[in-house]
Amino acid sequence: MRPNGQAIREIRRAKKIGLRTLQQMTGLNRGYLSRLERGHIQEPDDEQVRKVATALHVALDAITHKEKK
């Protein structure tokens with residue numbers, strides 16, 4: 001599962017959630033979340049991406065790239 005960092009950042013900002021708050025909501029490190037948004041982490045653990053989707057109250061496919069078959 002490849003995260004779409006730009007989508008994560010846009011959704012987070014639209015909901016007026018700061019990185020510090022998202023860190024508290026997910027239990028993930030703020031620096032990690034920042035790198036995820038900037039696209040520096042290409043293959044994160046699926047569970048971490050699920051935590052972000054859950055915290056943002058969005059479907060998983062809203063924050064991931066479509067897989068090419």
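A residue counts as exposed when its relative accessible area is over 50%, and as buried when that area is under 20%. In this predicted model, Lys 16 has a relative accessibility of 77% and therefore counts as exposed. Lys 16 sits in the loop that joins α1 to α2. Its backbone is worth a look too: phi is near 55 degrees, a positive value in a residue other than glycine. Most residues other than glycine have a negative phi. His 57 also has a positive phi, near 60 degrees, and is placed in the segment after α4. With a relative accessibility of 67%, His 57 counts as exposed.

We can now turn to the helices. Two packed helices are described by the angle between their axes and the distance between the axes. For α2 (residues 19-26) and α4 (residues 46-56), the angle is about 110 degrees and the axes are 9 Å apart. The two helices are therefore roughly perpendicular to each other, since angles from 65 to 115 degrees fall in that class. The crossing of α2 past α4 is right-handed. On the α2 side, the contact is made by Leu 22, Met 25 and Thr 26, while α4 contributes Lys 51, Val 52, Ala 55 and Leu 56. Sorted by class, the residues of this contact are five nonpolar, one polar and one charged.

Helix α2 also packs against α3, at an angle of about 110 degrees and with the axes 9 Å apart. That angle makes α2 and α3 roughly perpendicular to each other as well. Here Leu 19, Arg 20, Leu 22, Gln 23 and Thr 26 of α2 meet Arg 30, Leu 33, Ser 34 and Glu 37 of α3. This contact divides into three nonpolar, three polar and three charged residues.

Leaving out residues up to four places away in sequence, Arg 30 touches Leu 19, Arg 20 and Gln 23. Arg 30 and Arg 20 are 10 residues apart along the chain, and their C-alpha atoms are separated by 6.2 Å.

In soluble globular proteins, nonpolar side chains tend to be buried together. The largest nonpolar core of this model has 15 residues, and those with the most contacts inside it are Ile 8, Leu 22, Leu 36, Val 52, Leu 56 and Ile 63. Helices α1 (5-14), α3 (30-37) and α4 each supply at least two residues of the core, and α4 gives the most, with five. Leu 56, named above in the contact of α2 with α4, touches Ile 8, Ile 11, Arg 12, Lys 15, Ile 17 and Leu 22, not counting residues up to four places away in sequence.

The last stop is the loop between α3 and α4, where Ile 41 is found. At 16% relative accessibility, Ile 41 counts as buried. Apart from its neighbours within four places in sequence, Ile 41 is in contact with Pro 3, Tyr 32, Arg 35 and Leu 36. Ile 41 and Lys 66 are 25 residues apart in sequence, and the distance between their C-alpha atoms is 16 Å.

How values were computed:
Residues numbered from 1 in each chain as written. Predicted model: local features only at pLDDT ≥ 70, side-chain atom pairs only at ≥ 80, totals over all residues. Heavy atoms only, no water. Axes fitted to C-alpha atoms, helices over the stretch in contact; angles between N-to-C directions. Helix = DSSP H or I, 4+ residues; strand = E, 2+ residues; numbered from the N terminus. Parallel < 35°, antiparallel > 145°, perpendicular 65-115°, else oblique. Left-handed = near helix turned anticlockwise from the far one by under 90°. Contact = heavy atoms within 4.5 Å. Nonpolar A, V, L, I, M, F, W, Y, C, P; charged D, E, K, R; others polar. Core = buried A, V, L, I, M, F, W, Y, C linked by side-chain atoms within 4.5 Å. Buried < 20%, exposed > 50% of the residue type's maximum accessible area, 1.4 Å probe, protein only.
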